[in-house]
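Subject: Structure handover

Hello,

Please find the structure below, with the sequence alongside it. My notes on it follow.

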Amino acid sequence: MGLSSMATIFRSIPRAFRGYLCAPVPLSARKFSQLTDENRTLAGKVAVVTGSTRGIGFAIARRMARDGAHVVISSRKQENVKEAVDILKEEGLSVTGTVCHVGKAEDRQHLVTTALKHSGGIDFLVCVAGVNPLVGSTLAASEQIWDKILDVNVKSPALLLSQVLPHMENRGGGCVVLVSSAVAYLPVPRLGVYNTSKTALLGLCKSLAVELAPKGIRVNCLAPGIIKTDFSLREETMPNMLPELKKVFGVQRLGEPEECAGLVSFLCSSDGSYITGENIVVGGFSPKL
Ligand SMILES: NC(=O)C1=CN([C@@H]2O[C@H](COP(=O)(O)OP(=O)(O)OC[C@H]3O[C@@H](n4cnc5c(N)ncnc54)[C@H](OP(=O)(O)O)[C@@H]3O)[C@@H](O)[C@H]2O)C=CC1
Ligand SMILES: O=C1Nc2ccccc2C1=O
């Protein structure tokens with residue numbers, strides 16, 4: 001029996017009884033049944049997630065796909081894109097992927113074109129990609145360092161959104177989530193340029209929320225504390241702050257990428273439909289008022 005006829009039979013069974021089918025049904029059919037559940041919170045929607053081949057971005061992409069969205073995965077390296085897409089497809093999730101270095105205009109355009117080609121529209125944009133090439137004095141930072149951090153962390157989400165905007169308008173609205181950091185509120189010593197870029201994102205979130213509200217597009221921003229990823233475990237991108245955060249704020253542990261993902265899915269869902277311009281800390285403790 002083909003997958004489509006199995007799906008038709010599955011849909012003809014009352015929803016309350018479908019759970020009983022799980023054990024005896026072959027894996028391929030169970031995967032297909034996951035894909036056809038139109039009741040999931042993001043069903044029928046298309047999400048573009050930058051910096052989504054590992055860490056926080058990957059967890060967000062996986063969660064949005066599990067919640068029913070088609071997700072377009074992206075990052076700088078083709079091998080990372082392939083690996084992430086393969087993992088998520090193996091889980092039965094609806095994803096495609098393409099290379100996109102968010103600091104490159106042609107890559108941003110290609111990301112939008114790919115999303116439209118595979119999915120016919122864009123409802124959500126989640127801007128996760130961010131860099132920190134400097135742990136050191138703010139005033140000793142070179143112009144090149146300033147340009148790189150501000151280009152990737154601050155300018156690229158706005159420039160990418162400008163390319164996505166007409167397509168969200170075509171869908172009658174949309175939702176954007178930026179990824180800042182708790183350092184936006186509580187600057188970490190020797191991360192001055194990065195701190196500054198993340199504080200700028202809070203302002204970008206507010207400005208875009210006001211500008212895009214008349215178009216039915218909401219813009220919110222996630223500000224993670226220390227989350228267990230390659231980025232936070234490398235001393236050259238992020239000095240270990242946990243002992244200090246423990247002492248001062250009672251933060252007991254590092255966060256998991258999955259602890260950021262549900263919030264993004266919530267913000268994009270209809271449950272978040274009256275929330276825009278909000279900056280939300282996910283950090284074990286929030287230093288903001
Ligand atoms: N981890 C933490 O504790 C915190 C992280 N954040 C922020 O969360 C975001 C994600 O961090 P995290 O998950 O920890 O990082 P990771 O290093 O785990 O993952 C980074 C992801 O972004 C991709 N990437 C890196 N640079 C670019 C680029 N220029 N264009 C497109 N993709 C890129 C990487 O893939 P590839 O190498 O293939 O490009 C990878 O998929 C960042 O914005 C960071 O500032 C904020 C607060 C705390
Ligand atoms: O790079 C970072 N260092 C941090 C330390 C504490 C909380 C967030 C962060 C970052 O985003």
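Is arginine 190 buried, exposed or partly exposed? The model is a predicted one, and in it arginine 190 has 14 other C-beta atoms within 10 Å. A residue needs 20 or more to be buried and 12 or fewer to be exposed, so arginine 190 is partly exposed.

The backbone at this residue also deserves a look. Most residues other than glycine have a negative phi. Arginine 190 is not a glycine, yet its phi is positive, at about 75 degrees. You will find arginine 190 in the loop that runs between strand 5 (174–179) and helix 8 (192–212).

Now the chain as a whole. It has 289 residues, of which 40% count as buried. Its secondary structure consists of eleven helices and seven strands. If you take the contacts between residues at least 6 apart in sequence, 71% of them join residues at least 24 apart.

Next, a pair of helices. Two packed helices are described by the angle between their axes and the distance between the axes. Helix 6 (residues 105–119) packs against helix 7 (residues 143–170) at an angle of about 30 degrees, and their axes are 9 Å apart. Angles under 35 degrees count as roughly parallel, so helix 6 is roughly parallel to helix 7. The crossing of helix 6 and helix 7 is right-handed. On the helix 6 side the contact is made by Arg108, Gln109, Val112 and Leu116, and on the helix 7 side by Leu159, Leu160, Gln163, Val164 and His167. Sorted by class, this contact of helix 6 with helix 7 holds five nonpolar residues, three polar and one charged.

There are also ligands to look at. Ligand 1 is surrounded by 30 residues, and the closest are Gly51, Gly55, Ser75, Arg76 and Gly130. Helix 4 (55–66) and helix 9 (230–233) each contribute at least two residues to the shell around ligand 1. That shell has twelve nonpolar, 14 polar and four charged residues.

Around ligand 2 are Asn132, Ser181, Ala182, Val183, Val188, Leu191, Tyr194, Gly225, Ile226, Met238 and Met241. How many residues of the shell around ligand 2 are nonpolar, polar and charged? Eight are nonpolar, three are polar and none is charged.

Regards

Methods
Residues numbered from 1 in each chain as written. Chains lettered and ligands numbered in written order. Predicted model: local features only at pLDDT ≥ 70, side-chain atom pairs only at ≥ 80, totals over all residues. Near = placed C-beta within 6 Å. Nonpolar A, V, L, I, M, F, W, Y, C, P; charged D, E, K, R; others polar. Axes fitted to C-alpha atoms, helices over the stretch in contact; angles between N-to-C directions. Helix = DSSP H or I, 4+ residues; strand = E, 2+ residues; numbered from the N terminus. Parallel < 35°, antiparallel > 145°, perpendicular 65-115°, else oblique. Left-handed = near helix turned anticlockwise from the far one by under 90°. Contact = placed C-beta atoms within 7 Å.
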